[in-house]
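This report looks at how parts of one protein chain pack together. Look at the structure first, then read on.

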Amino acid sequence: MSITYSININWKIVVGVVAGIFVISMFSSSSGQPRSDDVPVSVDWKETNFLEQDLPSNLNELMKGVEISQGEAIFYGQSIFFQSGNIPGGVERSGRTVLLLHGAAFSSQTWIDRVPTLRTLAALGHGVIAVDLPGFGKSRQASVPDKGEFLARLIRSLSGKQPVVVSPSMSGSFIIPMLAKPENRNLISGWVPVAPVGTSQVATFGKDLKTPTLIVYGERDTGLGTQSTKDLSILPNATLPQVLPGAGHPAYLDQPDLWHKLLHNFINKVNMANFPQFMEA
């Protein structure tokens with residue numbers, strides 16, 4: 001079963017690395033803390049309506065207050081490029097960090113120019129970072145020996161924050177090997193796979209992966225979209241597939257408003273569930 005729904009400040013920070021781990025202090029300051037009055041609730045991930053809550057009516061105005069910052073970090077002795085957005089003044093911080101990965105034909109800039117996901121999430125009160133993965137975008141000259149370990153180290157560097165990770169297409173080759181190792185599974189609070197590669201590997205560990213997972217794919221993505229959805233359906237805390245109507249493989253490009261509404265509701269539910277092993281210290 002599935003669900004189908006019919007001013008810029010450019011600055012560079014180069015962070016020294018010990019043992020290949022970097023800390024992005026400028027980003028951790030924008031992610032905030034969970035509110036003290038949050039009460040954990042039980043979430044049925046397969047029965048939840050992820051379009052229940054509308055986006056704020058003044059979202060477009062709030063997005064104008066989001067400044068994009070750019071930086072580089074040294075990893076495995078190589079430069080990795082990232083971008084982040086500040087939370088505008090007057091917006092309540094959610095306490096949640098979102099890490100945006102990308103597909104093979106894209107980069108961190110996709111989340112700014114092609115679809116305004118970075119600004120949208122920052123305007124909703126979330127800390128946001130988008131990275132150019134090794135071999136792509138402004139990190140195209142970089143290479144890493146172990147993609148899963150690279151991503152695990154990157155996440156550990158976020159000052160202890162356990163992010164929700166968005167992983168479209170090619171970036172599955174980073175996050176799936178990471179999650180295959182039990183010691184890495186509590187590094188993230190939520191997972192949003194968008195037709196990722198490599199999902200056949202999930203059969204070996206998926207039933208043990210408790211991470212809340214919002215499965216998204218495009219209606220016209222009858223190849224990788226449908227196959228990855230089938231593979232990911234074994235995850236115990238996966239949602240029903242959220243099918244974006246008329247959308248292709250990079251479904252978020254074809255249905256940006258629907259995409260952002262799904263993310264908005266999913267991240268709020270992750271915070272409401274308040275899994276002790278996932279919430280930020």
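In this predicted model, a search of the whole structure finds 8 aromatic pairs. One of them joins Trp-111 and Tyr-252: the ring centres are 4.8 Å apart and the planes meet at 40 degrees, so the pair is tilted. Pairs with planes under 30 degrees apart would count as stacked, and those over 60 degrees as edge-to-face. Trp-111 belongs to helix 3 (residues 110-114) and Tyr-252 to helix 8 (residues 251-254), so this pair ties together parts that are 141 residues apart in sequence.

Are these two residues buried or exposed? Trp-111 has a relative accessibility of 0% and therefore counts as buried. Tyr-252 is buried as well, with a relative accessible area of 2%.

Trp-111 also forms an aromatic pair with Trp-259, and this pair is stacked. Trp-259 lies in helix 9 (residues 256-273), 148 residues from Trp-111, so the pair links distant parts of the chain. Both Trp-111 and Trp-259 are buried. The table sets out the two pairs.

| Pair | Centre to centre | Angle between planes | Type |
|---|---|---|---|
| Trp-111 and Tyr-252 | 4.8 Å | 40 degrees | tilted |
| Trp-111 and Trp-259 | 6.2 Å | 20 degrees | stacked |

Elsewhere, ring pairs link Trp-45, Phe-50 and Phe-266 into a cluster.

In soluble globular proteins, nonpolar side chains tend to be buried together. Here the largest nonpolar core has 39 residues, and those with the most contacts inside it are Leu-100, Trp-111, Val-192 and Trp-259. Helix 9 gives the most to this core, with 8 residues. Leaving aside neighbours within four places in sequence, Leu-100 is in contact with residues including Trp-111, Leu-118, Ile-129 and Val-166. A second, separate core has 33 residues, among them Phe-82, Ile-176, Met-178 and Leu-187.

Helix 7 (residues 224-232) shows how burial can be arranged around a helix. Its buried residues are Gly-225, Ser-228, Thr-229, Asp-231 and Leu-232. Why do they lie on the same side of helix 7? They cover an arc of only 165 degrees around the axis, which puts them on the same side. These buried residues pack against strand 8 (190-194) and strand 9 (216-218).

Last comes the confidence of the prediction. The mean pLDDT of the protein chain is 86, and 82% of its residues reach 70 or more. Over residues 5-37 the pLDDT is below 50, and this stretch has 96 contacts in the model beyond near neighbours in sequence. Residues 276-281 also have a pLDDT below 50, with 25 such contacts.

Key. Residues numbered from 1 in each chain as written. Predicted model: local features only at pLDDT ≥ 70, side-chain atom pairs only at ≥ 80, totals over all residues. Heavy atoms only, no water. Buried < 20%, exposed > 50% of the residue type's maximum accessible area, 1.4 Å probe, protein only. Helix = DSSP H or I, 4+ residues; strand = E, 2+ residues; numbered from the N terminus. Arc of directions from axis to C-beta. Contact = heavy atoms within 4.5 Å. Phe/Tyr/Trp six-rings, centres within 6.5 Å; stacked < 30°, edge-to-face > 60°. pLDDT = per-residue confidence, 0-100. Core = buried A, V, L, I, M, F, W, Y, C linked by side-chain atoms within 4.5 Å.
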